[in-house]
Amino acid sequence: MKRSKKHLINCFLTLPLIMGLVLIGCRNKGQKPQEAMKGPELLQNSLTELEKEQGWELLFDGKSFNGWRGLGRKDVQTQLWKIEDGAIRKLNSGEVPSMPDGQPLEGGDLMTVDTFDNYELYFEWKILKAGNTGLKYNVSEEMSQKYGSLYSALGFEYQLLDDSDTLYAGKLKPSQYTGSLYDMIAADNADVRPAGMYNSSRIVVNDKNVEHWLNGKKVVEYEFGSRYLDSLYQKSKYVDYPGFLEKRTGHIVLQNHKDDAWFRNIKIRKIKSGS
């Protein structure tokens, strides 16, 4: 059959496109889906060899509440706290069962059995839309029970919040948004990921100096015993608690709030004084 010159030119121009599609198809056939190529979940709640050399220790093994107990209790309230998909989950109040007599269960915070002085703490967390909770440190169980309640911590709080939700946006004190030293020091340039996504946070306590980090950025820095910290304390809700501002060897506490919250990869590295 005789072909026109125009037909031959079109075939010549189309051939590279067809070959390209064939090559792409062959490559994709042997390639795993992008979702399957993400980092393995086995890396959660574990330490690398380098981290071990640097002195990091896990505070949560991803499977049990070893090393944790309820503040003011000998064990963990498993009606409020669950281990779910390698994370500690605080159940929202709507999922917490009532007492046999129908009364609500008296909740409480979850705290480390051990206490810590100078350290670097790393943890990952997420909340849902309009979520609100916190992680507390420099916590004295005795002070908490004397001036607060039997089961809730009084301590410095690293605030965790869905900042952008209309429930909170522009309606709270600057020191009540994520990364802040709650009710005292506002976080600077905090970049919070959308609700439902994990954020990474660090708290560094090195002698008198303290830093809050959020998703790789330092957002708060202060010093124990400074006039600056004392001036903010005098205007805070903690002002009536004698000794609250003192640096101490304290517990690390996950707050029992009404909202869902998840915590994972909780690890700590002790810092030698003066280093």
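Which residues do ring pairs link into a cluster? In this predicted model, for which local features need pLDDT of at least 70, side-chain atom pairs count only at pLDDT 80 or more, and totals for chains, interfaces and linings use all residues, the cluster joined by ring pairs consists of Tyr137, Phe156, Tyr222, Phe224, Tyr233, Tyr238 and Phe244. Residues are numbered from 1 along each chain as its sequence is written, and side-chain values use heavy atoms, with hydrogens and water left out.

Ten aromatic pairs are found in a search of the whole structure, where rings of Phe, Tyr and Trp (its six-membered ring) pair if their centres lie within 6.5 Å, and planes under 30 degrees apart count as stacked, over 60 as edge-to-face and the rest as tilted. The pair of Tyr147 and Tyr241 is tilted, because the ring centres are 6.1 Å apart and the planes stand at 35°. This pair connects distant parts of the chain, 94 residues apart, with Tyr147 in helix H3 (residues 141–147) and Tyr241 in the loop between helix H4 (227–233) and E12; helices (H or I, at least four residues) and strands (E, at least two) are DSSP runs, numbered from the N terminus. Tyr147 is partly exposed, with a relative accessible area of 30%, on a scale where buried means under 20% relative accessible area, exposed over 50% and partly exposed in between (1.4 Å probe, protein chains only). The rings of Tyr238 and Phe244, by contrast, form a stacked pair, since their centres are 4.3 Å apart and their planes at 10°. Tyr238 is buried at 3% relative accessibility, and Phe244 is buried with a relative accessible area of 1%.

Charged side chains also meet aromatic rings, a charge being placed over a ring if NZ of Lys or CZ of Arg is within 6 Å of the ring centre and within 35 degrees of the ring normal. The charged end of Arg73 sits over the ring of Tyr151 at 3.8 Å from its centre, and Arg264 lies over the face of Tyr198, 3.6 Å from the ring centre.

An open sheet with antiparallel pairing is formed by five strands in the order E2-E5-E12-E7-E8, two strands being paired if DSSP finds at least two bridges between them. Strand E2 (68–70) and strand E8 (156–161) stand at the edges with a single partner strand each, so one side of each is left without a neighbour in the sheet. Within the sheet, strand E5 (residues 110–112) and strand E12 (residues 251–254) pair in the antiparallel sense over two bridges, and Met111 has Val253 in E12 as its bridge partner. Strand E10 (residues 209–214) and strand E11 (residues 217–223) are likewise antiparallel, paired over six bridges, with Asn209 opposite Glu223 in E11. These two strands, E10 and E11, form a hairpin with two residues between them, and Asn215 in the turn has a positive phi of about 50°.

Two further buried positions were examined. Asn265, in strand E13 (residues 261–270), is buried with a relative accessible area of 5%, and its side chain makes a polar contact with the side chain of Glu124 at 2.9 Å, a polar contact being a pair of N or O atoms within 3.5 Å, of which, within protein, one must be able to donate a hydrogen and the other to accept it, while residues adjacent in sequence count only if both atoms are side-chain atoms. Gly179, in the loop between E8 and strand E9 (199–206), is buried at 0% relative accessibility.
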